[in-house]
Amino acid sequence: MLGVLLAAASAVAPAPEHRYTVVGSDTYRVGSPATTAVIRYRGSERLSIVRSGDETRYVVRARYRRTGDDGVADAHARFIQVASPKSGLRDVANEDPDFLTILNQPFAVQLDRPTLGDLRTLHGPVPFSATSPLGGDAVLRGFLRPAAGGKVDGVPTVAVGFEAVGVMTGPMPTHAATPMSGQMRMVGTAYYATGDALLLALRARLTIVAQLHDKGGDVPVRIVYRRFIRAAKTPRPTPLPSGGAAASPRVPSAA
């Protein structure tokens, strides 16, 4: 099972900076016949990593352009996570409403050494489960599979494909007062550097097929979230952690 970084260090370590590009889209098809709306995203982000004692602090800041039916707007996002052997991975700050940062995606941004080794030796499907904040922390269950790694910006990677499904109930993402219920399906591929186990690229798609429960009756809806994040330059080496407790993959409410 995929783990999260649980590093140990005796003192505060320098903060290497890693740059990424991000592209995404949200597609909404509501009603029959369907009315379609699309929101597109494009931008960049910077990830810094600071180790202090037995904790590792990840901070990412993103700037992007949001294009939709209501026009074009520049936006920014920030997300902070802290990992430690005792408390695992926890979110400290989530200012990423469009789910575009590398820390707010289906998989941890960095793996520990045992988990990276597990990925290297993955030869067939492995069951896994994860939760999503969308739909009242709905549980998605599926499989991890080996995928072709190759290089990302010249850095060798090991890749893992993923697919999971689950039921959901909750508010419509763009209309919080309108509840909906249905099914979710998440698919994609994550690419980790073979040296420091940093997440260098992620391709993810989350599809929701549901019914909106409006006052006038149930309305069919299909929502597709797509995200593609990729390292924009060869990152500076980040020490690989020696081990730590494993945890399930993170699943965002939009991916």
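Modeller: Before we start on this predicted model, a word on terms: rings of Phe, Tyr and Trp (its six-membered ring) count as a pair if their centres lie within 6.5 Å.

Biologist: Good to know! How many aromatic pairs does that rule give?

Modeller: The count comes to 3 aromatic pairs. One of them is Tyr28 with Tyr225, an edge-to-face pair at 6.2 Å centre to centre, with 90° between the planes.

Biologist: And where in the chain are Tyr28 and Tyr225?

Modeller: Tyr28 belongs to strand β1 and Tyr225 to strand β12 (residues 217-231), so this pair links distant parts of the chain, 197 residues apart.

Biologist: Are Tyr28 and Tyr225 buried or exposed?

Modeller: Tyr28 is buried, with a relative accessible area of 8%, and Tyr225 is buried too, at 2%. Another edge-to-face pair is Tyr41 with Tyr64, 6.1 Å centre to centre and 70° between the planes. Here Tyr41 sits in strand β2 and Tyr64 in strand β3 (residues 55-68), 23 residues apart.

Biologist: Switching topic, which residues does the cis peptide bond join?

Modeller: Ser32 and Pro33, with omega at about 0°. Pro33 lies in the loop between β1 (17-30) and β2 (35-52).

Biologist: What about phi at Asp153 and Ala197?

Modeller: Phi is positive in both: near 55° for Asp153 and about 60° for Ala197. Neither is a glycine, and most residues other than glycine have a negative phi.

Biologist: Last one: what sits over the ring of Phe228?

Modeller: The charged end of Arg203, 4.4 Å from the ring centre.

Definitions and conventions: Residues numbered from 1 in each chain as written. Predicted model: local features only at pLDDT ≥ 70, side-chain atom pairs only at ≥ 80, totals over all residues. Heavy atoms only, no water. Helix = DSSP H or I, 4+ residues; strand = E, 2+ residues; numbered from the N terminus. Phe/Tyr/Trp six-rings, centres within 6.5 Å; stacked < 30°, edge-to-face > 60°. Buried < 20%, exposed > 50% of the residue type's maximum accessible area, 1.4 Å probe, protein only. Lys NZ or Arg CZ within 6 Å of the ring centre and 35° of its normal.
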